[in-house]
Structures are given as structure tokens and as C-alpha cells.
Amino acid sequence: MKPAWDKLMNEYKGHAGIVIADVDCTAAGKSLCDVSGVQGFPTIKYGDPNNMEKYAGGRDFDAMSKFAKENLGPSCGPEHLDLCDAAAKKQVEEFLAMPMETLATKVQEKEDESAKADKDLEELLKSLQAQYEAATKAKDKSKEDIKESGLGLMKSVAAHRKKAKAAIGEL
């Protein structure tokens, strides 16, 4: 992916409204990565610098270049109300009219909801993992019990009888 990303950065180098860059999240860029919610590497983020979204498309140059052409650049927001549809424009205007404390509280509430959704999924995954491990253990125990009940000897005797019957039939 690195060569494709470097090529994309060169394609948009010096662009007035689009920045394609990479950040080392293990060094000087760690604080930016923390604020942007980067948890694994490589992670591609795009959009409003104050509200970055995770890119989930292809990792080759053609896919990333197509995405950049179709999705990057100015978007609806307080600095570009002309790019908003009527509903989004109304929402932006409502948010602009709110006292900063109220807006900050609402932002925190939504971030808390998002964090809860992540936590709920994490708890579900832990529960599913525990169920899977218990079911695997039960399956292994059942198979061991079946084996110990004489399955191997039954198969051996059946094969022996079949072989003996075939030998008698040849006489």
C-alpha cells in the first residue's frame, strides 16, 4: 500500500483544498492519532479534520485515487454552508446558535453514545468468544467420550469382518 499512497500524495501535492499525508503514530504524530481515533496501522482517515472518518475502500492506487476524486475536498459545514442540503444547513445553523457549553455537552453525549456502542460490541464479542470456547471444549469432550466408548475398536472389528467375509466369498 505504501507505494500507492506515496503516489497519491504526489498527485495531490500543493492542492489548495485537499491534503493527502501520512502520520507516524508511534512518534511525533501520536497525539494527532489519539485524537483521530487511530488504533491500528495502517489506518486511512478522510474528511473534515475535526471529524475524520475511517476509509474502508481498496488499498491500491486506482481505488484510492478514484475515492479521492469523488469524495475529498470541501464539504458541508460551517465554512461551506453552500455545499449543504436544506436539512444539513438547518442543523449547522442550529449548532452555530447554541452556546458553546451546550454544544460541547451535546458533542460529549454523542461521543459517549459512540463509545458505548464500541463497548457493547466488545462485550458481545467477549461473550461470543467465551461461548465458542465452552462449545469447543464440550465438543472435544464429547468426541473423546465417543472415542473412549470403543468407536475405534468398533471400526476395527467392522473392517475385520468385512475383510473376513470377502475372504470367505473368494473360496
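Ser-36 touches Lys-45 and Met-52, once neighbours within four places in sequence are left aside. The residue belongs to helix 2, which spans residues 30-36. In this predicted model, Ser-36 has a relative accessible area of 18% and is therefore buried, the cut-off being under 20%.

Helix 1 covers residues 2-12. Five names make up its buried set: Ala-4, Trp-5, Leu-8, Met-9 and Tyr-12. These residues lie on the same side of helix 1, because they cover an arc of only 140 degrees around the axis. An α-helix has 3.6 residues a turn, so residues three or four places apart point the same way. Pro-3 and Asn-10 sit on the other side of helix 1 and are exposed. Helix 3, residues 61-71, is part of what covers the buried residues of helix 1. Just after helix 1 comes Gly-14, with a positive phi of about 80 degrees.

The largest nonpolar core holds 12 residues. Ala-4, Trp-5, Leu-8, Met-9 and Tyr-12 are among them. The core also includes Ile-18, Ile-20, Ile-44 and Tyr-55. Phe-61, Met-64 and Ala-68 belong to it as well. Helix 1 and helix 3 are the elements that give two or more residues to this core. Helix 1 gives the most, with 5 residues. In soluble globular proteins, nonpolar side chains tend to be buried together.

Ile-18 is in contact with Tyr-12, Leu-72 and Gly-73, leaving aside neighbours within four places in sequence. Phe-61 has Lys-7 over the face of its ring, at 4.2 Å from the ring centre.

The count of aromatic pairs comes to 2. Tyr-46 and Phe-67 have ring centres 4.8 Å apart and planes at 80 degrees, so this pair is edge-to-face. The pair links distant parts of the chain. Tyr-46 is in strand 1, residues 45-46, while Phe-67 is in helix 3, 21 residues apart. The second pair joins Tyr-55 and Phe-67. Their ring centres are 4.8 Å apart and their planes stand at 65 degrees, so this pair too is edge-to-face, given that angles over 60 count as such. Here again distant parts of the chain are linked. Tyr-55 lies in the loop between strand 2 (53-54) and helix 3, 12 residues apart from Phe-67 in helix 3. Tyr-55 counts as buried, at 6% relative accessibility. Tyr-55 is also one of the residues of the largest nonpolar core.

Helix 5 runs over residues 100-170. An unreviewed UniProt entry places the feature "coiled-coil region" at residues 100-145. In the model, residues 100-145 are 100% helix and 0% strand. The end C-alpha atoms of this span lie 67 Å apart. Lys-143 is found in helix 5. This lysine has a relative accessible area of 53% and is therefore exposed, the cut-off being over 50%. Lys-143 and Lys-110 are 33 residues apart in sequence. In space, 49 Å separates the two, C-alpha to C-alpha.

Definitions and conventions:
Residues numbered from 1 in each chain as written. Predicted model: local features only at pLDDT ≥ 70, side-chain atom pairs only at ≥ 80, totals over all residues. Heavy atoms only, no water. Buried < 20%, exposed > 50% of the residue type's maximum accessible area, 1.4 Å probe, protein only. Helix = DSSP H or I, 4+ residues; strand = E, 2+ residues; numbered from the N terminus. Arc of directions from axis to C-beta. Contact = heavy atoms within 4.5 Å. Core = buried A, V, L, I, M, F, W, Y, C linked by side-chain atoms within 4.5 Å. Phe/Tyr/Trp six-rings, centres within 6.5 Å; stacked < 30°, edge-to-face > 60°. Lys NZ or Arg CZ within 6 Å of the ring centre and 35° of its normal. UniProt positions renumbered as here; feature names shortened; annotations may be inferred.
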